[in-house]
Amino acid sequence: MPLSFRRALKIVAVSLVIVVAVFYLYFASAYRSANVFAPPERITSLGRTYLISNFPPRSREELERRYSQGHGTSYTFERVSSFPVPLGFPVYQWQNDQIRGQATSSAYLEWGDSYISYQLSGAP
């Protein structure tokens, strides 16, 4: 192999390692945890901070069936943001015309095929 090809290969390899490290550090700082492969302990959505709840992950059908008795007629399950910003997982909340775009007491992070429950933390 010519010297320039080896040098180019090393530069590409080092660049790839640097890009992976930067993405890992970004997600670790956003998650406030070194484990970026598990749901974060806290998320931020619509200017409010939410802490992970003790409820098990649920499917969208389970959430809609569970909350449809009181929410189904006037509330809809809508995507309100993503976490971490700008790349991230969708965050959903129950919204209606009166509170659209405002933070509610619970948020749901879409994690694969399930939704992780988060509860509002503290006051504004």
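## Nonpolar cores

The largest nonpolar core has 11 residues: A30, Y31, I43, Y50, F83, V91, A107, L109, W111, I116 and Y118. A nonpolar core here is a set of buried Ala, Val, Leu, Ile, Met, Phe, Trp, Tyr and Cys residues joined through side-chain atoms within 4.5 Å. Buried means under 20% relative accessible area, exposed means over 50%, and partly exposed lies in between (1.4 Å probe, protein chains only). The elements that give two or more residues to this core are α1, β5 (106-111) and β6 (114-120). Strand β5 gives the most, with 3 residues. A second, separate core holds 7 residues, including L63, Y67, F77 and Y92.

## Model and numbering

This is a predicted model, in which local features need pLDDT of at least 70 and side-chain atom pairs count only at pLDDT 80 or more, while totals for chains, interfaces and linings use all residues. Residues are numbered from 1 along each chain as its sequence is written, and side-chain values use heavy atoms, with hydrogens and water left out.

## The sheet

Six strands form an open sheet with antiparallel pairing, in the order β1-β2-β6-β5-β4-β3. The edges belong to β1 (42-45) and β3 (76-83). Each has a single partner strand, so one side of each is left without a neighbour in the sheet. Neighbouring strands are turned by 40 degrees against each other on average, direction ignored. Axes are lines fitted to C-alpha atoms, for helices over the stretch in contact, and angles run from 0 to 180 degrees between N-to-C directions.

Strands (E, at least two residues) and helices (H or I, at least four) are DSSP runs, numbered from the N terminus. Two strands pair if DSSP finds at least two bridges between them. Strand β1 pairs with β2 (residues 48-52) in the antiparallel sense, over 4 bridges. In this pair of strands, T44 stands opposite T49 of β2.

## Salt bridges

The structure holds 3 salt bridges. The criterion is a side-chain nitrogen of Lys or Arg within 4 Å of a carboxyl oxygen of Asp or Glu. One joins R60 and E64, at 3.1 Å from N to O. Both residues lie in helix α2 (residues 60-71), 4 residues apart, about one turn of the helix. R60 is partly exposed at 26% relative accessibility. E64 is also partly exposed, at 34%.

R100 meets E78 in a salt bridge of 2.7 Å, N to O. This pair links distant parts of the chain: R100 sits in the loop between β4 (89-95) and β5, E78 in strand β3, 22 residues apart. R100 is partly exposed at 41% relative accessible area, and E78 is partly exposed at 22%. R100 also bridges to D97, at 2.9 Å from N to O. D97 counts as exposed, with 70% relative accessibility. Shared partners join E78, D97 and R100 into one network.

## Surface patch

V14, I18 and V22 make a nonpolar surface patch of about 270 Å². V22 is found in helix α1 (residues 3-31). Patches are made of residues with over 30% relative accessible area and no salt bridge; like charges are joined within 9 Å, and nonpolar side chains (Val, Leu, Ile, Met, Phe, Trp, Tyr) within 5 Å. Accessible areas come from the Shrake-Rupley method with a 1.4 Å probe, and for residues only the protein chains shown count as cover.
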